[in-house]
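Subject: Structure handover

Hi,

Here is the structure I promised to pass on. Please open it before you read further.

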Amino acid sequence: MKLTDEQRLVDTNYDKPYALLQQVVANVEKVIVGKSEAVHYCLVALLSGGHVLLEDVPGVGKTMLVRTLAKSLGCSFKRIQFTPDLLPSDVTGVSIYNQKTQEFEFRPGPIMANIVLADEINRTSPKTQSALLEAMEEGNITVDGVTHVLHKPFMVLATQNPIEYEGTFPLPEAQLDRFLLKISLGYPSMRDEIDILSRQEKGHPIEQLEQVLDLETIQYLKEAVQEVYVEPSVREYIVKVATATRENRNVYLGASPRGSIALLKASMALAFILGRDFVVPDDVKRLVPLTFGHRIILKSEARLSGVTVQDVLQDVMRSVPVPIARDGERR
């Protein structure tokens, strides 16, 4: 749905991206209580053209977060429940022969939406998981030799349960690398959980949720993110951090160049969301665990000795000097 000029607040906020994005965060928090940081990271992925892997236990609001975000942004939304018997055509769509026209007609699958929720993605076969690869990387799908361009913006938010592994198919490294960020929501605080109970006592707040942005405004914001300034020393810092993950003695496979690009784009989007037109090292440091955590594979002996990916990333961050802006350079 397209907003009117009055709804978009052209005269007051359209040229103030920070105000617009904070409206989105506030709107989502009417439903998802106390998780503004997770909402910020979802917006980082949206403005970067990336995708998000939500890994957390059941019942903490992963699905509701995605639904609420889609409704706030005015984006089309589709949910795919991944099961062992799901076929690739159930995701992408299928060509059906029309006897009247004597031609094949494409019936689009749920992947043809702005925001796609891949629920419990690790419960389906690798063959079906791979149906998402082209969509996530190229922004299009190929069915029966015909390429179909996906809607813009396009973002996949996939969920998986980190506790229950029976009957699951772990995502291969090639697909994990397609996710810009991996985040978790965690349990709410006691105060927030009491607030949740109060809000849902007589109905669900998503039913009264209003749209805040539209597709035109989102495209405007995505283009504006590309103008965020990144000082050369910050780019060098990103590469040094990625290189350090590859050289760490506990790491079998470090962050790839795609990971470095993801960290750069995510840092630009985060700076933009926080109201700055330039990236600072703290933006990079804040996003390293979210962009590199799912891209690193530890050596077997390191895992057996109790070393975690977070331990490795902490060592890496301590070992790489943080750049300091020099006089006369933009910070």
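Below is what was found in it, grouped by region.

Keep in mind that this is a predicted model.

**Helix α11 and its two partners**

Start with α11, which spans residues 232-247. Two packed helices are described by the angle between their axes and the distance between the axes.

Take α15 (residues 309-319) as one partner. The α11 and α15 axes lie 9 Å apart, at an angle of about 135°. The two helices are therefore oblique to each other. α11 passes α15 in a right-handed crossing. From α11, the contact uses Y237, V241, A244 and T245. From α15, it uses L313, V316 and M317. By class, that contact has six nonpolar residues, one polar residue and no charged ones.

Now look at α12, residues 257-273. It packs with α11 at about 140°, with the axes 10 Å apart. The crossing of α11 and α12 is right-handed. R235, I238, A242 and R246 of α11 make the contact with P257, S260, L263 and L264 of α12. This contact divides into five nonpolar, one polar and two charged residues.

**Helices with a buried side**

Which residues of α7 (residues 131-138) are buried? They are A131, L132, A135 and M136. Seen down the axis of α7, they fall within an arc of 105°, so they line one face of the helix. Their cover includes helices α5 (88-92), α6 (126-129) and α8. It also includes strands β5 (115-119), β6 (140-143) and β8 (155-160). Just after α7 comes G139, with a positive phi of about 80°.

Helix α10 covers residues 215-225. Its buried residues are T217, I218, L221, K222 and V225. These span an arc of only 140° around the axis, so they sit on the same side of α10. Note that K222, a lysine, is in this buried set.

T68 is in helix α4, residues 62-73. Buried or exposed? T68 has 0% relative accessibility, so it counts as buried. Leaving aside neighbours within four places in sequence, T68 is in contact with V28, V31, I32, I206 and L209.

L290 lies in helix α13, residues 281-292. L290 also counts as buried, because its relative accessibility is 14% and the cut-off is under 20%. Not counting residues up to four places away in sequence, L290 touches Y41, L180, L181, K182 and I183. F179 is 111 residues away from L290 along the chain. The C-alpha atoms of F179 and L290 are separated by 10.0 Å.

E173 is partly exposed, with a relative accessible area of 44%. With residues up to four places away in sequence left out, E173 touches L253 and I297. P162 and E173 are eleven residues apart in sequence. Their C-alpha atoms are 16 Å apart in space.

**Backbone points in the loops**

E120 lies in the loop between β5 and α6. It has a positive phi of about 55° although it is not a glycine. At 28% relative accessibility, E120 counts as partly exposed.

D144 lies in the loop between β6 and β7. D144 is not a glycine either, yet it has a positive phi of about 55°. D144 is exposed, with a relative accessible area of 63%.

P153 lies in the loop between β7 (146-149) and β8. The peptide bond from K152 to P153 is cis. Its omega is near -5°.

**Where to start**

Begin with α11 and its contacts with α15 and α12. Then turn to the buried face of α7. Finish with the cis bond from K152 to P153.

Best wishes

Conventions
Residues numbered from 1 in each chain as written. Predicted model: local features only at pLDDT ≥ 70, side-chain atom pairs only at ≥ 80, totals over all residues. Heavy atoms only, no water. Buried < 20%, exposed > 50% of the residue type's maximum accessible area, 1.4 Å probe, protein only. Helix = DSSP H or I, 4+ residues; strand = E, 2+ residues; numbered from the N terminus. Arc of directions from axis to C-beta. Axes fitted to C-alpha atoms, helices over the stretch in contact; angles between N-to-C directions. Parallel < 35°, antiparallel > 145°, perpendicular 65-115°, else oblique. Left-handed = near helix turned anticlockwise from the far one by under 90°. Contact = heavy atoms within 4.5 Å. Nonpolar A, V, L, I, M, F, W, Y, C, P; charged D, E, K, R; others polar.
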